[in-house]
Amino acid sequence: MDLYKDKIIRIAIPFIFFVNVYFVVKAVLNNFVKTPIDISLDYYIESFVIYPNHPSAPLWFLATLMTLMLLYPLYKYACKNNIVMAATMLVGIVIYFMDFGELFTYNCFNISNINLYFVYFFFGIAFFRYSLFKYIDNILSLAVLLVIYVVSYNLDYIFMASIFGILLMISLSILLSKRINIDFSFIGNNIYQIYLMSFIFQAFVELVLWKKLFYNENILLVFYLLNLSFGIFMPLLVTKIVKKCPLRILRLCFGIK
């Protein structure tokens, strides 16, 4: 119950807050955005439960994460038993290739796609349960992962390509961290806030600064880098300000305890 309480605070509160933020931002910029919204009460309420074609579309991840966290007792039990661990992973792989769309009239809380993400979520648990990062911290493992990823991708084995692509990026990150003495913890510690806010700042760069004020194909690279920078550092700036706010409820809205 302590875990569920923590996840409600860390996931549900920011989700509710940012559904409102995204709705207001899109309503204000309705003449600029790629997909104008229907400014109505029904559409607003729908945004909390249905995400495609709604301002809350980028927040599907939070709803899915909250649903996956409901299975916490299963994860805890599986981590104590290797057979259950393997069986759960196998079930996750099997249901990944199944289509649950027809079981639901409406894809509320992204539930009909939960099978597409469970296997990755559980794979992450297994990855740390068995300390698999110890086996991909060298050049040889990086090369092997790269070959498997490229072959899987070219053969259109999307699931394999995704898994080995994830492992490839982790392996590359481990190797770089050993050779580059740069502290990226200020980004890593606030990656959740970057996820929550980056879309807003990047949309401003693309739709307002780029398309309406400074459109010039010759400086596309400049605005690409500006878009990336806004998506990372503006949320970090907001986070730094919010962390100093004495109102705990406001900090919780941004996923900050």
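How many helices and how many strands does the protein chain have? Color by secondary structure and you get 12 helices and zero strands; helices (H or I, at least four residues) and strands (E, at least two) are DSSP runs, numbered from the N terminus. Before we zoom in: residues are numbered from 1 along each chain as its sequence is written. This is a predicted model, where local features need pLDDT of at least 70, side-chain atom pairs count only at pLDDT 80 or more, and totals for chains, interfaces and linings use all residues; side-chain values use heavy atoms, with hydrogens and water left out.

Zoom out to the whole trace. The C-alpha atoms span about 55 × 45 × 45 Å along the principal axes. Of the 257 residues, 35% count as buried, where buried means under 20% relative accessible area, exposed over 50%, and partly exposed in between (1.4 Å probe, protein chains only).

Next, select 220-243, which is helix α11. Its 24 residues reach 34 Å from first C-alpha to last, close to the 34 Å expected at 1.5 Å a residue; the expected span is 1.5 Å times one less than the number of residues. Look for a bend of about 30° at Phe230, taken as the angle between axes fitted to the seven residues ending there and the seven starting there.

Now show the buried residues of α11: Phe223, Asn227, Gly231, Pro235, Leu236, Thr239 and Val242. An α-helix has 3.6 residues a turn, so residues three or four places apart point the same way. The cover over α11's buried residues includes α9 (185-188), α10 (191-213) and α12 (248-253).

Stay on Thr239. Buried or exposed? Thr239 counts as buried, because its relative accessibility is 2%. Leaving out residues up to four places away in sequence, Thr239 touches Asn190, Gln193, Met197 and Ile256 (contact means heavy atoms within 4.5 Å).

Jump to Ser56, in the loop between α2 (41-46) and α3 (60-69). Ser56 counts as buried because its relative accessibility is 1%. With residues up to four places away set aside, its contacts are Val19, Ser47, Ile50 and Tyr51.

Last stop: helix α8, residues 158-179. Select Met169, which sits in α8 and counts as partly exposed because its relative accessibility is 49%.
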